[in-house]
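Trainee: I have a model open and would like to learn how to read its features one at a time. Where do we begin?

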Amino acid sequence: MFDSMKSLALLRASQLVTLAGPKRPRVGQELSELGIIRDGGILIRDGKIESVGSSDEIEKKSKSADVVDLGGRLVLPGFVDAHTHLVFGGNRLDDFERRARGETYEQIAKAGGGIWSTVQKTRAASEEELFETAKKRADWFLRCGTTTIEAKSGYGLTLNDELKLLRVMRRLNDEISLEIVPTFLGAHAISRDMPADKYVDLVINEMLPRVAQEKLAEFCDVFCERGYFDIEQSRKILSAAKKLGLKARGHVDQLSNSGGAKLLAELGATTADHLEKTDEQGIAALAKANVQPVLLPGSVYALGLREYPRAREIISAGLAVVLATDFNPGSSPTPSMPMVLSLACTQMKMSPAEAITAATINAAYSLNRGDKIGSLESGKIANVAVFDCEDHRELAYWFGTPQTYSVYVRGERV
Ligand SMILES: [Zn+2]
């Protein structure tokens, strides 16, 4: 009776890391519970996971299925990257080289670098050009074992250029395997074309209504920082977004402890991202309001800084921690979740298991997709990453080494 439906059995995984557990983001000790099945297998039918168990058990149920013997390799749910800036024009190679020479942020900005240079290149690029470069980068994510990403606009800073970025994401979602969850980040930087308050009005009165009307984003994000958007402006923008049905995320306390975490707690945001400078009060506020922290060690590393977010304190406070790449041309040009896992273990003292939970099931919940992706359990979408190693700890251990063996999205090998 299932002849018309395609089925596939993946057998002989050394460790099948299921992340099976409570139907909510994981906290405390739960972060270490990976639900590993040794010599595991998965039966996939019509793009969804039908059952998960020992290879022998799954083999018996797989009479009519195509069978793939994984030869004792490691299997995980596809990574979920909950913070990226996927679509932009150009690159920041000159900034990178200047920073390597020891030049300061101010010197680099004066030489025509910084975020504004990406805004200019993004405005100058056609929708087609942006689509082609983003498509190439989206493929990098898949090759690192990531099957879903959140992606933000924010390099347009005019109504039409922000819409252009969000439309590129929509088209990518229709045409490629990687799933993209769109976030509107019109408040990424103050436009140089007008005074700050006028720009905030533009975001609230013109951009947000269009984004909501065309259903181009699920979330609204703000860069809340000295010299960008202050607490009052951030509150205004995120409150307006909420009224239009967009959920809130925020870049907060990255360069200074400005009270951004507390603001996001007050607004009932879904996530608070960065948090390098957040103090105990900020962490306590996030815990009380059930806001998920998204930690981005790639940006600390790539900027050559030393101060990583305090993951241990954040975990001790009972927060459902998420790890993401912050993929962007300026401060974190990496699509690699295994690299982020390595940084989490070596620089933030998270265990390999905690890091994997933060990059899969907890990230899925932070994108309102915890019921569909982020773990290998029956009924979920069959997004699976296979790595050419045997133990889950090897992903963070052999840092800088490509270990992806194969990736399946909705049961199809990509
Ligand atoms: Zn970011």
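Mentor: With a cut-off for accessibility: a residue is buried under 20% relative accessible area, exposed over 50%, and partly exposed in between. Keep in mind that this is a predicted model.

Trainee: Is D39 buried, partly exposed or exposed?

Mentor: D39 has 35% relative accessibility, so it counts as partly exposed. D39 belongs to strand β2, which covers residues 36–45.

Trainee: Where does L275 lie, and what is its phi?

Mentor: L275 sits in the loop between β11 (271–274) and α10. Its phi is positive at about 65 degrees, although L275 is not a glycine. L275 has a relative accessible area of 3% and is therefore buried.

Trainee: Now the metal. Which residues coordinate the zinc ion?

Mentor: The donors are NE2 of H83, NE2 of H85, NE2 of H251 and OD of D326, at 2.1 to 2.5 Å. Along the sequence these residues follow the spacing H-x1-H-x165-H-x74-D.

Trainee: How do I judge the geometry of the zinc site?

Mentor: Look at the angles among the donors. The ideal angle for four tetrahedral donors at a metal is 109.5 degrees. To count as tetrahedral, four donors need all angles between 85 and 135 degrees. Here the angles among the four donor atoms run from 83 to 167 degrees, and the site of the zinc ion is irregular.

Trainee: Are H83 and H251 buried or exposed?

Mentor: H83 is buried, because its relative accessibility is 0%. H251 is also buried, with a relative accessible area of 3%.

Trainee: Next, helix pairs. At what angle do α9 and α10 cross?

Mentor: Read the angle together with the approach of the axes. Angles under 35 degrees count as roughly parallel. The axes of α9 (residues 260–267) and α10 (residues 280–289) come within 8 Å and cross at roughly 15 degrees. That angle makes α9 roughly parallel to α10. Their crossing is left-handed. On the α9 side the contact involves A261, K262 and A265; on the α10 side it involves Q281, G282, A285, L286 and A289.

Trainee: What is the handedness of the crossing of α6 and α7?

Mentor: The crossing of α6 and α7 is right-handed. The axes of α6 (residues 159–175) and α7 (residues 196–213) come within 10 Å and cross at roughly 25 degrees. α6 is therefore roughly parallel to α7. Residues L159, E162, L163, L166 and R167 of α6 meet E206, M207, R210 and V211 of α7.

Trainee: Finally, single residues. What does L238 touch?

Mentor: Leaving out residues up to four places away in sequence, L238 touches C220, D221, V222, A248, R249, L264 and L267. L238 is part of helix α8 (residues 231–243), and its relative accessible area of 2% makes it buried. The C-alpha atoms of L238 and R249 are 8.5 Å apart.

Trainee: And where does R369 lie?

Mentor: R369 is in the loop between α15 (361–366) and β14 (384–387). R369 counts as buried because its relative accessibility is 13%.

Notes
Residues numbered from 1 in each chain as written. Predicted model: local features only at pLDDT ≥ 70, side-chain atom pairs only at ≥ 80, totals over all residues. Heavy atoms only, no water. Donors = N, O, S within 2.8 Å, 3.2 Å for Na, K, Ca; no water. Tetrahedral: all angles 85-135°; square planar, octahedral: opposite > 155°, others 65-115°. Buried < 20%, exposed > 50% of the residue type's maximum accessible area, 1.4 Å probe, protein only. Axes fitted to C-alpha atoms, helices over the stretch in contact; angles between N-to-C directions. Helix = DSSP H or I, 4+ residues; strand = E, 2+ residues; numbered from the N terminus. Parallel < 35°, antiparallel > 145°, perpendicular 65-115°, else oblique. Left-handed = near helix turned anticlockwise from the far one by under 90°. Contact = heavy atoms within 4.5 Å.
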